Amino acid sequence: MAMTADAADFRAPPSKGARDVSTKLDWAHAWRSLQKLLADKEDTRQVFEIMRALNGKSTAHGYLRLLETAEGGRIAFERKEFADRLMDDAWLDSLPEGSVGAAYRTFIRTEQLSADGLAEVSREGISDVDNPHPYAWFGRRTRDVHDIWHILSGYHRDALGEACLVAFSYAQTGGLGWALIAFGAASRSRGTGYPAIKAIWQGYKRGKAAKWLLGEDYERLMAEPLEAARLRLGITPATIYDSIPANVRDGVVPQGA
């Protein structure tokens with residue numbers, strides 16, 4: 001599944017305080033979008049639809065959690081749009097070999113991906129994705145680091161890798177949209193003869209055990225040696241996913257009609 005990151009609805013009446021923000025969960029819409037996604041794993045827009053329907057307070061909670069970290073106040077104050085940095089080819093090319101950024105650079109160029117392309121998909125059907133509200137900024141930041149999480153977690157873009165990464169992302173963000181997608185992928189994986197469900201469950205456990213990745217300074221992280229970063233962040237090897245042959249990982253999460 002072509003997954004993205006948390007795009008929960010950040011909007012709230014201006015009279016309410018940040019800790020009072022509440023958003024309605026739309027399970028029916030999320031379920032319909034899940035069926036479309038399971039029928040076509042490249043239909044990335046459905047991921048954003050699911051996130052907006054179910055992630056509720058998770059974006060607001062994530063932003064408030066960021067403020068409580070050692071450098072979160074500075075990061076939130078600067079409120080940089082990380083997608084702009086990721087679209088800077090000169091900056092990407094300056095990152096040292098063996099670093100997180102070098103692995104990301106190879107990943108997006110091999111897969112023909114771009115942070116800007118993902119951002120454009122997130123804007124489909126909604127007009128205020130680029131709102132200056134701090135929760136909206138935090139949602140964009142979460143979206144923009146999704147492919148970096150592919151690198152850190154070791155999960156590739158095959159269907160099983162995406163399913164494992166959404167389970168990892170649920171553990172990291174608490175957004176129910178991620179949980180629903182992981183459940184849907186796991187339900188499709190039964191009877192394949194491979195431990196796909198165990199791999200997805202391990203994705204959740206790895207995300208739970210790791211340091212909170214949304215509190216990281218990503219410009220600094222991108223220059224860090226990949227294996228050293230994984231060790232520092234407590235990201236353990238994806239042993240079950242790695243045990244499943246690469247040429248069958250798409251098939252263990254079959255698409256529906």
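Predicted model: local features only at pLDDT ≥ 70, side-chain atom pairs only at ≥ 80, totals over all residues.

Q: How many helices and strands in the chain?
A: There are 16 helices and 0 strands.

Q: And what share of the residues counts as buried?
A: The chain has 257 residues, and 53% of them count as buried.

Q: What about contacts, how many join residues at least 24 apart?
A: Take the contacts between residues at least 6 apart in sequence. Of these, 77% join residues at least 24 apart.

Q: What does L160 touch?
A: Leaving out residues up to four places away in sequence, L160 touches A196, A199, I200, Y241, I244, R249, V252 and V253.

Q: Where does A196 sit?
A: A196 is in helix α13, which covers residues 196–209.

Q: Buried or exposed?
A: A196 is buried, because its relative accessibility is 0% and the cut-off for buried is under 20%.

Q: And its contacts beyond four places in sequence?
A: A196 is in contact with L160, S189, I244 and V252.

Q: How far is A196 from I240?
A: In sequence, 44 residues. In space, 8.0 Å from C-alpha to C-alpha.

Q: Back to α11. Is A159 of that helix buried or exposed?
A: A159 lies in α11. It counts as buried, at 1% relative accessibility.

Q: How far is A159 from E42?
A: They are 117 residues apart in sequence. Their C-alpha atoms are 9.6 Å apart.

Q: Which ones?
A: The buried residues of α9 are Y135, A136, W137, F138, G139, R140, R141, T142, R143 and D144.

Q: Now packing. How do the axes of α2 and α8 cross?
A: Helix α2 is residues 45–54. Its axis and that of α8 come within 8 Å and cross at roughly 55°. That angle makes α2 oblique to α8.

Q: Right-handed or left-handed?
A: The crossing of α2 and α8 is right-handed.

Q: Which residues make the contact?
A: From α2, R45, F48 and R52. From α8, L118, V121 and S122.

Q: And by class?
A: The contact of α2 with α8 has 3 nonpolar, 1 polar and 2 charged residues.

Q: Backbone next. What is the phi of R79?
A: Near 45°, which is positive, and R79 is not a glycine.

Q: Where is R79?
A: R79 is in the loop between α4 (72–78) and α5 (82–86).

Q: What is its relative accessible area?
A: R79 has 33%, so it is partly exposed.

Q: What about the phi of Q112?
A: Q112 has a positive phi too, about 55°, and is not a glycine either. Q112 lies in the loop between α7 (100–111) and α8 (115–123).

Q: Why does Q112 count as exposed?
A: Because its relative accessibility is 74%, and exposed means over 50%.

Conventions. Residues numbered from 1 in each chain as written. Heavy atoms only, no water. Contact = heavy atoms within 4.5 Å. Helix = DSSP H or I, 4+ residues; strand = E, 2+ residues; numbered from the N terminus. Buried < 20%, exposed > 50% of the residue type's maximum accessible area, 1.4 Å probe, protein only. Axes fitted to C-alpha atoms, helices over the stretch in contact; angles between N-to-C directions. Parallel < 35°, antiparallel > 145°, perpendicular 65-115°, else oblique. Left-handed = near helix turned anticlockwise from the far one by under 90°. Nonpolar A, V, L, I, M, F, W, Y, C, P; charged D, E, K, R; others polar.
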